[in-house]
Amino acid sequence: MNIEDFREYCLSFSGVYEKFPFEKATTEYDSNLLVFYVGDKWFCFVNIDVFDFCNVKCNPEESEKLQERYDGVKPGYHMNKKHWISIYFDRDVPDRTIKELVKRSYDLVANSSAKKKRKPFLL
């Protein structure tokens, strides 16, 4: 997988847009983080120059199992370690699995945003 294919995949989901929110970061690495959003929430980010790993949201139980199974899955870089994982592209995680985890992250974020926007049930 390369950055172009990965970016295209992330943008293929409904309502997704991208931006560089850290252009003024103190490190070049952080300033080159491309963040994918659904609504106003992140579901994935990746460094476009280095393309070494991506961060995705993950439920805590699945996160633990993935970290036990794959050397290439670690607690999320600069994120809540309970709810985010970093997936390294050059390790033992198959591309198919990476795509599945990106899609699950999108679903988690999109579904949580949709629930918050629902009107409360009125009697």
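User: Which side chain meets E100 in a salt bridge?

Analyst: In this predicted model, a salt bridge is read from a side-chain nitrogen of Lys or Arg lying within 4 Å of a carboxyl oxygen of Asp or Glu. Here the side chain of E100 meets that of R96, with 3.5 Å from N to O.

User: Where do E100 and R96 lie?

Analyst: Both residues belong to helix 4, which covers residues 95–117, and they are four residues apart, about one turn of the helix. E100 has a relative accessibility of 32% and counts as partly exposed, whereas R96, at 60%, is exposed, because the cut-off for that word is over 50%. Salt bridges with shared partners also join E62, R96, E100 and R104 into one network.

User: How many salt bridges are there by this rule?

Analyst: The count comes to six. One of them is formed by E18 with R7, whose closest N and O atoms are 2.5 Å apart, and this pair links distant parts of the chain, since E18 sits in strand 1 (residues 16–19) and R7 in helix 1 (residues 3–11), 11 residues apart.

User: Are E18 and R7 buried or partly exposed?

Analyst: E18 is partly exposed at 26% relative accessibility, and R7 is likewise partly exposed, at 35%.

User: Which residue does D71 meet in a salt bridge?

Analyst: The side chain of D71 meets that of K74, with an N to O distance of 3.5 Å. The relative accessible area of D71 is 45%, which makes this residue partly exposed, and K74 is partly exposed as well, with 30%.

Methods. Residues numbered from 1 in each chain as written. Predicted model: local features only at pLDDT ≥ 70, side-chain atom pairs only at ≥ 80, totals over all residues. Heavy atoms only, no water. Helix = DSSP H or I, 4+ residues; strand = E, 2+ residues; numbered from the N terminus. Buried < 20%, exposed > 50% of the residue type's maximum accessible area, 1.4 Å probe, protein only.
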